[in-house]
Amino acid sequence: MPPRPDPGAPRPVLRTLRASDGPAAHRVCAVHPGALASGEWSAVAGRLPKDTAFHLLDLGNVPEFLAAALDARAPVVPVTALAARCLDELAAAGAVAEPFTLVGWSFGGVVAYEMAARLHAAGEGGAVRDLVLLDSIAPVPAFKRTDELMEPAMLLDWFAMYLAAKRGRPLALGLSAAERRHLAAPEDGLARVLEAAVAQHVLPAGTELAGLRKLYAAYQGGLSRNNRSTAPYEPAPLDRALTLVKPAGSLLPDSGDLGWSGLSGRPVRQVDVPGDHYTMLRDPEAVGVLSGLLAGSAVA
């Protein structure tokens, strides 16, 4: 019987989610920021051509990055440090010997951008065949926010979206305009989230508000950590094409290309897909578009 893995052992940052059938003609490297389990990528990886390998960089397995979400007093982990760690992982595994597609979801897209920038600065920009960002918010001044500047109603919407994705059921919060205006803090609206979640069978009857508050605190801790990591990051524009994949339920649905035109010397290609920020990796139609895009297929 093989030995059981040590539950206290560090979890790998890089793992191969899908090996190619024979020599890999193409590689996809994805940066996952945590929040949802890394298995969310399985549907996309499973739709790729047989000669395509899929490597996953899970930032949630970087100990100091995880610690910063659990404790606001923990040192911030800069975007530059995360990108350097990811590139070191790929280089050690020999995963960048040939040009590859680099994709990042949410905050992972910011790290993916810095990875591409570092390769470009080293004269190896051609290593990234395509740079694809999945509902990532660009780290430019107009889109950076401190925790104090995050709108309570918006944060509550995001949390409801996240809760629905975790439970695998849709959740309509249905706050009125007046309720949204008078919401002083997201925590003040958690009772309304609980009421809606129980009524729509997202959470079982009898779920206690205290438990939902703990889940929100963990969720908000991750957002705050990402904000602190991004705040000092001041990237320069890259003279390369990039693709933004934006779901119908984007974190910022009314904000165009989420600021990426300020960091690209070329027009940003925007691809719209169904689903929302947290379900875009599992929505069947979105998965079809994403797998074709990452494999290099044309997208209308």
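1. Contacts of Thr-243. In this predicted model, Thr-243 touches Leu-131, Val-132, Leu-133, Arg-269, Val-271 and Leu-293, when its neighbours within four places in sequence are left aside. Thr-243 belongs to strand S6, which covers residues 243–249. Its relative accessibility is 7%. Because buried means under 20% relative accessible area, Thr-243 counts as buried.

2. Length of helix H3. Helix H3 runs through residues 79–92 and contains 14 residues. From its first C-alpha to its last it reaches 20 Å, which is close to the 20 Å expected at 1.5 Å a residue.

3. The two sides of H3. The buried residues in H3 are Val-79, Leu-82, Ala-83, Cys-86, Leu-87 and Leu-90. Viewed down the axis of H3, these buried residues fall within an arc of 130°, so they line one face of the helix. Asp-88 and Ala-92, on the other side of H3, are exposed.

4. The crossing of H2 and H8. Helix H2 spans residues 63–70 and helix H8 spans residues 209–230. Their axes come within 7 Å and cross at roughly 120°. The two helices are therefore oblique to each other. The crossing in which H2 passes H8 is right-handed.

5. Residues at that crossing. On the side of H2, the contact is made by Phe-65, Leu-66, Ala-68 and Ala-69. H8 contributes Gly-221, Gly-222, Arg-225, Asn-226, Arg-228 and Ser-229 to the contact.

How values were computed: Residues numbered from 1 in each chain as written. Predicted model: local features only at pLDDT ≥ 70, side-chain atom pairs only at ≥ 80, totals over all residues. Heavy atoms only, no water. Helix = DSSP H or I, 4+ residues; strand = E, 2+ residues; numbered from the N terminus. Expected span 1.5 Å × (residues − 1). Buried < 20%, exposed > 50% of the residue type's maximum accessible area, 1.4 Å probe, protein only. Arc of directions from axis to C-beta. Contact = heavy atoms within 4.5 Å. Axes fitted to C-alpha atoms, helices over the stretch in contact; angles between N-to-C directions. Parallel < 35°, antiparallel > 145°, perpendicular 65-115°, else oblique. Left-handed = near helix turned anticlockwise from the far one by under 90°.
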